[in-house]
Amino acid sequence: MEGVQNGKCGNFADRWSLVGATALVTGGTKGIGFCIIEELAGFGAAVHTCSRNEAELNKCLQEWKKKNFKVTGTVCDVSSPADRERLMEEVKTVFDGKLNILVNNAGTGYPKPVTQCTPGDYKFMTTTNVESAFAMCQLAHPLLKASGRGSIVFNSSISGIMALEFLSIYGITKGALNQLARSLACEWAKDNIRVNSVAPGAVDTPLMKPAFENKEFVTRESHNVPLGRLGKSSAKKMMADGENAAGRWSLLGAAALVTGGTKGIGHGIVEELARLGAAVHTCSRNEADLNKCLRKWEAEGFKVTGSVCDVSSPVEREKLMEIVRSTFDGKLNILVCNAGTGFMAVDYLSVYGASKGALNQLTRSLACEWAGDNIRTNCVAPGTIRTPLTEHGLQNDDFVKKETHRIPLGRVGDPEEVAALVAFLCLPASRYINGQVICADGGRTVNGNI
Ligand SMILES: NC(=O)c1ccc[n+]([C@@H]2O[C@H](COP(=O)([O-])OP(=O)(O)OC[C@H]3O[C@@H](n4cnc5c(N)ncnc54)[C@H](OP(=O)(O)O)[C@@H]3O)[C@@H](O)[C@H]2O)c1
């Protein structure tokens with residue numbers, strides 16, 4: 001799609017498509033990597049992958065061909081410098097020197113108490129997980145830059161954020177990837193390469209087979225997860241559970257309440273959820289503004305209703321929820337309370353910051369308290385986004401210069417860029433994401449440069 005090629009994602013179709021994009025996913029024949037390929041190819045990307053086992057690779061390539069996915073592959077051990085170079089040469093040829101996406105997924109690990117770890121254990125895990133990912137980034141940089149719109153994703157682990165029993169070496173490698181993501185996000189933003197890291201908890205994959213065969217582990221670990229279950233990676237298993245790609249990325253049949261939906265980010269969220277198929281109710285204090293928006297949404301065929309409500313008034317909140325209850329027959333899938341940033345000490349925003357910090361913590365508390373009712377709670381933390389709220393500040397050239405200088409991507413954000421993240425967190429596709437605060441800020445909160 002045009003958006004992938006020209007770097008724009010201003011319209012809905014471009015935001016939710018990878019048609020025209022090229023991707024390299026390491027370790028794609030099993031587990032999480034296999035599912036990443038299916039997801040990217042399902043969105044229209046041409047994908048190249050690698051694994052050490054030729055027979056398994058060929059089997060997967062045939063399977064993808066039958067599904068009409070554009071996937072090619074190379075036999076490669078990412079821990080070998082020579083193999084990595086050969087892989088990148090092939091990627092260069094297959095994709096004509098341009099790569100939009102690099103997913104550093106291949107990785108390995110096993111539990112061992114520190115006192116029993118050998119230099120061999122250390123070398124094996126650090127070489128496969130960190131050295132390879134670092135080198136893959138270096139090799140891919142010219143291709144990512146040449147594409148004009150690059151994205152690197154590391155497959156880290158929660159063991160890189162918290163201590164997990166006997167996973168010290170594995171944890172070191174994953175912590176390293178998380179930090180590498182922050183460094184590269186700042187260093188390569190000027191080349192329009194975004195860098196992020198995902199940190200899965202325990203997921204049922206071939207890597208985790210021994211652990212998942214241990215009933216005691218599964219019971220104990222599931223007990224530690226508020227949602228009460230471990231992660232799934234097998235596409236077959238998901239199908240068996242009645243899931244399919246179209247369902248994971250659709251909100252058809254969902255009912256949503258978005259507070260403050262007539263302007264800025266809230267307006268973007270209403271439109272994103274409605275385009276994904278949700279029925280949305282929104283509110284604003286200004287009746288004229290609300291009616292204008294409702295008329296526009298009706299003309300566009302969106303299912304959006306609205307009420308005049310000041311959410312700071314307890315009486316009006318109760319009234320709003322009564323209307324929502326009758327509109328949606330007593331059932332609500334999505335509640336979006338419009339939130340802003342609360343991560344950094346911004347000049348003169350201490351009270352605002354405190355209020356947003358409170359929301360970040362409320363997210364974690366509710367994520368634990370209500371997971372048992374199958375309610376996930378997450379929070380988005382935008383940086384400076386161009387909306388009516390920030391319009392005044394953004395007319396001040398000094399402010400804009402100071403702000404953009406601190407943002408690695410070198411620009412303020414658009415409401416749609418936050419709305420798409422909110423929509424993702426509401427989609428079934430994100431159903432294992434719970435209790436997270438995710439920044440949409442061009443990398444401002446990880447930038448330690450002056
Ligand atoms: N499963 C979890 O619970 C979990 C949790 C957090 C993070 N992760 C991370 O997610 C990533 C994928 O894990 P997974 O559970 O999906 O693992 P998996 O089931 O073992 O699959 C790993 C994939 O990577 C390939 N691979 C492994 N080592 C490789 C190497 N040196 N060079 C090239 N390809 C290699 C494997 O194929 P070959 O063996 O044929 O090479 C396979 O396709 C890893 O980085 C892992 O650390 C997993």
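Where does Leu-332 lie? Leu-332 sits in the loop between helix H14 (314–327) and strand S12 (334–336); helices (H or I, at least four residues) and strands (E, at least two) are DSSP runs, numbered from the N terminus. Hi everyone, two quick notes on the model. It is a predicted one, where local features need pLDDT of at least 70, side-chain atom pairs count only at pLDDT 80 or more, and totals for chains, interfaces and linings use all residues. Residues are numbered from 1 along each chain as its sequence is written, and side-chain values use heavy atoms, with hydrogens and water left out.

Leu-332 counts as partly exposed because its relative accessibility is 35%; buried means under 20% relative accessible area, exposed over 50%, and partly exposed in between, with a 1.4 Å probe and protein chains only.

Now to the ligand. Its surroundings comprise 30 residues, and the closest are Thr-29, Asn-105, Tyr-170, Val-203 and Thr-205; being near here means having a heavy atom within 4 Å. Helix H3 (31–42) and helix H7 (168–187) each give at least two residues to that shell.

For polar contacts, we pair N or O atoms within 3.5 Å; within protein, one must be able to donate a hydrogen and the other to accept it, and residues adjacent in sequence count only if both atoms are side-chain atoms. Asn-155 has a polar side-chain atom 2.9 Å from a ligand oxygen, and Thr-205 has one at 2.4 Å from an oxygen of the ligand. From Val-203, a polar backbone atom is 2.6 Å from a ligand oxygen.

On to salt bridges, meaning a side-chain nitrogen of Lys or Arg within 4 Å of a carboxyl oxygen of Asp or Glu. That rule gives a count of 20. Which residue forms a salt bridge with Glu-216? The partner is Arg-220, with the closest N and O atoms 3.7 Å apart. Both lie in helix H9 (residues 215–224), four residues apart, about one turn of the helix. Glu-216 counts as exposed because its relative accessibility is 52%.

Arg-444 and Glu-403 also meet in a salt bridge, at 2.8 Å from N to O. Arg-444 lies in the segment after S14 and Glu-403 in helix H17 (residues 397–406), so this pair ties together parts 41 residues apart in sequence. Arg-444 and Glu-403 are both buried.

One last item for your notes: salt bridges link Glu-271, Arg-275, Lys-296 and Glu-300 in a network.
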